[in-house]
Amino acid sequence: MSPPENSHPSTKALHADDYLNLVTDVAPPIHLSTTFRYPDDPEALVPSEDPVDEFNGKNYVYSREFAPNATRFEAVLSSLLGGYVVSYTTGLAALHAALVLLNPKRISAGDGGYHGSHEVISVVSRLSGLKKVPLDCSPRELGEGDVILLETPVNPLGTTFNIKEYAEKAHACGASLIVDSTFAPPPLQDPFAWGADIVMHSGSKYFGGHSDLLCGVLAVKRNDWWKKLVEDRLAIGNVMGNMESWLGLRSLRTLDIRVRRASESCGSLLQWLQEALNSTTSESDTDAHLVRTVLKEIHHASLQSEPWVREQMRNGFGPVFSIILTTEQFAKLLPTKLALFQHATSLGGVESLIEWRALSDGRVDRKLLRVSVGLENWEDLKNDLLQGFRSLVQEKQA
Ligand SMILES: *Cc1c(COP(=O)(O)O)cnc(C)c1O
């Protein structure tokens with residue numbers, strides 16, 4: 001049985017794949033087989049004309065084509081993202097697959113954003129002559145079949161772009177809009193609602209959610225695109241592993257509750273930091289004074305004032321933000337003073353992370369730290385930051 005169409009996303013996350021159950025187990029079993037027995041009935045041994053069209057969720061043949069764990073993972077994501085979902089080994093493999101599908105002559109993309117996405121563009125350019133143009137290029141620079149790649153909220157700042165505006169710009173010149181929505185998974189943002197043609201996620205972040213699997217996801221509204229993506233994936237072989245897709249399915253069960261909690265905790269931390277930054281107290285023994293000694297700026301979508309920002313992210317803001325400290329030395333040292341925030345790259349896991357971003361992205365301000373809020377109690381996270389700030393200042397004075 002399938003859940004009623006009007007079920008809440010948190011319900012769909014638990015039941016959208018029920019129809020794919022092959023066994024009576026309540027918890028999905030781990031299917032590791034790469035190959036599947038053909039039917040015993042000789043009458044049923046008919047060479048396939050179109051394996052993608054003929055796939056019915058039961059007639060598995062070889063796991064580069066379809067596999068049970070990944071099919072369930074995709075069924076849940078299809079219902080959450082509101083499109084046909086194809087999963088890949090990594091987020092960058094998903095972006096690569098989207099560019100192979102659309103094969104544009106030009107791609108309009110921001111200078112910032114995830115550095116790896118620019119690497120994918122440059123690999124594709126080597127093969128096809130694809131040209132990169134700026135995100136704010138004139139519409140005259142784009143034509144039929146071209147692509148705008150919009151990452152929003154954008155790495156590493158966590159600030160946001162207007163999806164509707166870029167969708168209209170793309171469609172006016174016959175181009176397609178790909179939205180990399182990794183920083184705002186469901187239920188926070190629905191790029192299709194604002195005109196995206198392809199929604200991309202690095203599933204290594206919130207979908208996996210426990211920093212223990214790599215995965216990428218494309219969602220499309222067009223069935224012919226879905227079919228072509230699956231055929232290309234079969235040809236190229238960039239499929240998620242069986243173990244990863246099982247872990248991914250398990251993680252999606254709690255996506256809604258994890259994302260909402262992390263988003264709320266992030267909001268509480270930002271409010272506290274922002275109030276401290278804005279405070280005018282001159283007493284030097286207050287927490288606010290300590291925050292102002294260490295922290296110069298905060299970047300996050302919630303601090304943007306344009307009216308569309310709250311519309312586009314009406315279910316909450318993403319749990320990643322960036323801070324600029326007052327000195328580079330503070331930025332380098334702060335992660336080493338924290339007990340709860342782990343000093344590591346990546347985001348979207350249950351453990352809160354902080355990263356001196358200069359270590360993995362040479363393009364960003366060396367005073368910048370990127371923060372991914374996890375599922376620890378937010379006041380414990382606040383106290384961890386406070387004691388970290390305090391030890392920086394004490395060390396400097398000593
Ligand atoms: C991590 C990330 C990617 C790349 O995903 P992988 O799964 O590491 O390949 C792409 N875009 C954004 C915004 C990301 O954060």
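This is a predicted model: local features need pLDDT of at least 70, side-chain atom pairs count only at pLDDT 80 or more; totals for chains, interfaces and linings use all residues.
Reader: Let's start with the ligand. Which residues come nearest to it?
Author: There are 13 residues around the ligand, and Gly91, Asp180, Ser202, Ser204 and Lys205 come nearest.

Reader: What kinds of residues make up that shell, by class?
Author: The shell has 5 nonpolar, 5 polar and 3 charged residues.

Reader: And which helix and strand supply at least two residues each?
Author: Helix 4, residues 91-102, and strand 6, residues 198-202, each do that.

Reader: OK, how far is an oxygen atom of the ligand from the side chain of Ser204?
Author: A ligand oxygen is 2.6 Å from an N or O atom in the Ser204 side chain. For Lys205, an N or O atom of the side chain is 2.7 Å from an oxygen of the ligand.

Reader: How much of the ligand's accessible area does the protein cover?
Author: The ligand has 380 Å² of accessible area on its own, and the protein covers 93% of that.

Reader: Where does Tyr62 lie?
Author: Tyr62 is in the loop between helix 2 (51-54) and helix 3 (68-81). Its relative accessibility is 40%, so Tyr62 counts as partly exposed.

Reader: New topic. How many salt bridges does the count come to?
Author: The count comes to 20 salt bridges. One of them joins the side chains of Asp50 and Lys227, with N to O at 2.7 Å.

Reader: Why does that pair tie together separate parts?
Author: Because Asp50 lies in the loop between helix 1 (9-15) and helix 2, while Lys227 is in helix 7 (residues 223-236), the pair ties together parts that are 177 residues apart in sequence.

Reader: Is Asp50 buried or exposed?
Author: Asp50 counts as buried, because its relative accessibility is 19% and the cut-off for buried is under 20%.

Reader: What else does Lys227 form a salt bridge with?
Author: Lys227 also forms one with Glu231, where the closest N and O atoms are 3.7 Å apart. Those two residues are 4 apart in helix 7, so about one helical turn separates them. Glu231 is partly exposed, at a relative accessible area of 30%.

Reader: So which residues are linked in that network?
Author: Asp50, Asp53, Lys227 and Glu231 are linked in a network of salt bridges.

Reader: Last one: is Leu347 buried or exposed?
Author: Leu347 counts as buried, at 2% relative accessibility. Leu347 lies in the loop between strand 10 (342-343) and strand 11.

Reader: And how far is Leu347 from Val291?
Author: Leu347 and Val291 are 56 residues apart in sequence, and their C-alpha atoms are 24 Å apart in space.

Definitions and conventions:
Residues are numbered from 1 along each chain as its sequence is written. Side-chain values use heavy atoms; hydrogens and water are left out. A residue is near a molecule or strand if one of its heavy atoms lies within 4 Å of it. A polar contact is a pair of N or O atoms within 3.5 Å; within protein, one must be able to donate a hydrogen and the other to accept it, and residues adjacent in sequence count only if both atoms are side-chain atoms. Accessible areas come from the Shrake-Rupley method with a 1.4 Å probe; for residues, only the protein chains shown count as cover. Ala, Val, Leu, Ile, Met, Phe, Trp, Tyr, Cys and Pro count as nonpolar, Asp, Glu, Lys and Arg as charged, and the others, Gly among them, as polar. Buried means under 20% relative accessible area, exposed over 50%, partly exposed in between (1.4 Å probe, protein chains only). A salt bridge is a side-chain nitrogen of Lys or Arg within 4 Å of a carboxyl oxygen of Asp or Glu.
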